[in-house]
Amino acid sequence: MAVKNGTVLFEGGEMEYIRFGSGEKILILLPGLGDGLRTVKGTALPMGVMYRKWAEDYTIYSFSRRNALEEGTTTRDMARDQALAMEAL
């Protein structure tokens with residue numbers, strides 16, 4: 001199974017992401033606000049194993065929140081960052 005741990009650069013920031021699977025359809029996994037406790041960095045292989053049932057039909061991405069999150073950042077800001085990161089890939 002093809003797996004990738006990476007960093008995507010987007011307007012005003014960067015974030016870690018993982019990609020695994022080889023399907024034609026795309027599935028996005030968003031880890032939620034607890035991402036600050038443990039990011040997706042370095043988890044492509046174990047996540048690929050855990051989601052292997054879907055990895056044949058889907059190419060699966062999971063994103064961390066923006067690196068260097070600034071004080072006062074809102075969930076709306078985080079959603080914008082996510083959209084920009086997905087567009088950049």
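What covers the buried residues of helix 3? The cover includes strand 1, strand 2 and strand 4, where contact means heavy atoms within 4.5 Å and buried means under 20% relative accessible area, exposed over 50% and partly exposed in between (1.4 Å probe, protein chains only).

This is a predicted model, in which local features need pLDDT of at least 70 and side-chain atom pairs count only at pLDDT 80 or more, while totals for chains, interfaces and linings use all residues. Residues are numbered from 1 along each chain as its sequence is written, and side-chain values use heavy atoms, with hydrogens and water left out.

Helices (H or I, at least four residues) and strands (E, at least two) are DSSP runs, numbered from the N terminus. The buried residues of helix 3 are Met 78, Asp 81, Gln 82, Leu 84 and Ala 85. They lie on the same side of helix 3 because their arc around the axis is only 165 degrees, taken from the directions from the helix axis to the C-beta atoms. The face turned away from this buried side carries the exposed residues Arg 76 and Glu 87.

Strand 4 (residues 58–66) is largely enclosed by the rest of the structure, because seven of its nine residues are buried. Its pairings are tabulated below; two strands pair if DSSP finds at least two bridges between them.

| Partner of strand 4 | Bridges and direction |
|---|---|
| Strand 2 (residues 13–21) | Six bridges, antiparallel |
| Strand 3 (residues 25–29) | Five bridges, parallel |

In strand 4, Tyr 61 is the bridge partner of Arg 19, and Tyr 58 is that of Lys 25.
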